[in-house]
Amino acid sequence: MKKLGLLIVGFAIGVLATYFYCCNNDVGMPIVAPKGLITPSEAKTLDHAFDTRHQLISDSIVKRLDNRSSWYSITDMRDYLNFAENQAKDLGYTMDGVRIYLGAHPDVKGQVGYTTMFFIPTGNKSLSEGNMLFFNTALQKGGDIPGGFGLNNGPTGNPPEANYPQ
């Protein structure tokens, strides 16, 4: 009976240790800065370098001050990335990123639509069926995933023509 009690206590400790190891794996994980980070000063430089293009678009095409930014909530971004990754898998692709495109909303009642930015998932055809060209495709950045849904409809800047930072 004494051995059975020790066995049960050992099992309980094992279950707890496994739970804390497997289910709390993000605790203590290092935060890695992604490639391509820029400082606020560099962001201002990029934003101001766009000023002449923005003015050209606003004056000659849109005939009003055009949109310069879009905003997406962190929840929408995470939900989209999860959705796009699952959709890519269903389409037979392995998602490796997103491409951000500039676009424009359609004209409404003679008013030219604002500029917008939208995301499209990118990736490579999955190798689950076997592929002798592994080295050709595995090391390349993927193209747009055919049939992959994009993400748009982030609200415009406030006001639309506002420069960085807002």
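## A charge over a ring

Let's start with Arg64, whose charged end sits over the ring of Tyr114 at 4.0 Å from the ring centre. Keep in mind as you look around that this is a predicted model.

## Aromatic pairs

Rings also meet other rings here. A pair of aromatic rings is described by the distance of the centres and the angle of the planes. With centres required to lie within 6.5 Å, the count comes to three aromatic pairs. One of them joins Tyr72 and Phe119: the ring centres are 5.1 Å apart and the planes stand at 80°, so this pair is edge-to-face. Tyr72 belongs to the loop between helix 3 (51–62) and helix 4 (74–90), while Phe119 belongs to strand 2 (residues 115–125), so the pair ties together parts that are 47 residues apart in sequence. Both partners are out of the solvent by the 20% cut-off: Tyr72 counts as buried at 15% relative accessibility, and Phe119 is buried with a relative accessible area of 9%.

Now turn to Tyr101 and Phe118. Their ring centres are 5.5 Å apart and their planes are at 20°, so the pair is stacked. Tyr101 comes from strand 1 (residues 93–104) and Phe118 from strand 2, so to speak two distant parts of the chain, 17 residues apart, linked by the pair. Tyr101 is partly exposed, with a relative accessible area of 31%, and Phe118 is also partly exposed, at 25% relative accessibility.

## Helix 4 and its two sides

Which residues of helix 4 are buried? They are Tyr80, Ala84, Gln87 and Ala88. Viewed down the helix axis, these buried residues fall within an arc of 100°, so they line one face of helix 4.

## Leaving the helix

One last detail is worth a look before you go. Just after helix 4, Gly92 takes a positive phi of about 90°.

Note on methods
Residues are numbered from 1 along each chain as its sequence is written. This is a predicted model: local features need pLDDT of at least 70, side-chain atom pairs count only at pLDDT 80 or more; totals for chains, interfaces and linings use all residues. Side-chain values use heavy atoms; hydrogens and water are left out. Rings of Phe, Tyr and Trp (its six-membered ring) pair if their centres lie within 6.5 Å; planes under 30 degrees apart count as stacked, over 60 as edge-to-face and the rest as tilted. Helices (H or I, at least four residues) and strands (E, at least two) are DSSP runs, numbered from the N terminus. Buried means under 20% relative accessible area, exposed over 50%, partly exposed in between (1.4 Å probe, protein chains only). A charge sits over a ring if NZ of Lys or CZ of Arg is within 6 Å of the ring centre and within 35 degrees of the ring normal. The arc is that of the directions from the helix axis to the C-beta atoms.
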